[in-house]
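Open the model in your viewer and keep the sequence panel beside it. The stops below say what to select next and what is there.

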Amino acid sequence: MPIELTRLIDQLEKEKGIKKEILIEALESAMLTAAKKAFGHDKEIEAKFNPEQGEIDLYEYKTVVDTVTYPDHEIPLVEAREMNPDAEVGDSIGVKLDSRSLGRISAQTAKQVIIQRMREAEREIIYNEFKQKQGEIVNGTVRRFEGKNIVVDLGKTEAYLLAQDQIPRENYRIGDRIRTYVQ
């Protein structure tokens with residue numbers, strides 16, 4: 001299953017045109033949000049995509065100490081040296097967390113964050129595409145009317161043709177192919 005995440009990222013990159021780095025960043029951010037919700041907002045947690053395994057690894061960073069006073073934020077030197085033989089008092093060491101223990105609510109939170117980030121990335125791609133077409137004439141199809149304004153389907157997105165920008169006494173019907181000027 002883990003390698004499927006890498007395949008899914010590649011597929012989304014091809015279908016939506018969203019760069020792999022943005023998708024990975026969205027996944028890491030989503031997992032971080034879910035982990036903080038599940039394990040506590042006061043913990044120092046980091047999410048990193050592991051391309052070899054095709055999964056997001058979660059790490060909680062704790063300070064190495066001789067005597068543990070705050071178990072949520074500190075780790076004993078003996079235990080730290082089991083993970084990293086070079087660990088010294090005062091170092092910060094990442095302890096891998098089990099992401100399977102996040103639960104349903106955290107998974108839902110992660111899903112919402114991913115969807116939101118993908119929508120933002122898609123919007124930005126479409127905006128940049130049409131920003132380059134500013135001052136050009138593009139073809140579209142009349143989709144619907146919102147008051148006196150017309151919603152025009154331009155392929156990847158829809159645009160509004162405002163009432164004041166329409167040709168006077170010109171009649172439009174749903175399905176009509178029209179040419180519009182990008183402002």
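Start with helix H4, residues 104–132. At 1.5 Å a residue its 29 residues should span 42 Å, and the end C-alpha atoms are 43 Å apart, which agrees. The expected span is 1.5 Å times one less than the number of residues in the helix. Helices (H or I, at least four residues) and strands (E, at least two) are DSSP runs, numbered from the N terminus.

Before moving on, note that this is a predicted model: local features need pLDDT of at least 70, side-chain atom pairs count only at pLDDT 80 or more, and totals for chains, interfaces and linings use all residues. Residues are numbered from 1 along each chain as its sequence is written, and side-chain values use heavy atoms, with hydrogens and water left out.

Which residues of H4 are buried? Select Ser106, Thr109, Ala110, Val113, Met118, Ala121 and Phe130. Buried means under 20% relative accessible area, exposed over 50%, and partly exposed in between (1.4 Å probe, protein chains only).

Now select Arg7, in helix H1 (residues 2–16). Arg7 is exposed, with a relative accessible area of 53%. Its C-alpha atom is separated by 20 Å from that of Arg119, 112 residues apart along the chain.

**The four-stranded sheet**

Next, show strands E7, E6, E5 and E8, which form an open, antiparallel sheet in that order. Two strands pair if DSSP finds at least two bridges between them. E7 (158–161) and E8 stand at the edges with a single partner strand each, so one side of each is left without a neighbour in the sheet. From one strand to the next the twist averages 50°; axes are lines fitted to C-alpha atoms, for helices over the stretch in contact, and angles run from 0 to 180 degrees between N-to-C directions.

Zoom in on E5 (residues 137–146) and E8, joined by five bridges. Gly140 has Ile178 in E8 as its bridge partner. In a regular strand the side chains alternate between the two faces of the sheet. On E8 (residues 177–181), Ile178 and Thr180 make up the covered face, while Arg177, Arg179 and Tyr181 are on the uncovered one.

**Salt bridges**

How many salt bridges are there? The count comes to eight, where a salt bridge is a side-chain nitrogen of Lys or Arg within 4 Å of a carboxyl oxygen of Asp or Glu.

Select Arg143 and Asp153, whose closest N and O atoms are 3.1 Å apart. Arg143 lies in E5 and Asp153 in E6 (residues 149–153), so the pair ties together parts ten residues apart in sequence. Arg143 is partly exposed at 38%. Salt bridges that share partners also join Arg144, Glu146 and Glu158 into one network.

Finish with Lys96 and Asp57, a salt bridge with closest N and O atoms 3.3 Å apart. Lys96 lies in strand E4 (residues 92–97) and Asp57 in strand E2 (residues 55–65), so this pair ties together parts 39 residues apart in sequence. Lys96 is partly exposed, at 47% relative accessible area, whereas Asp57 is buried at 6%.
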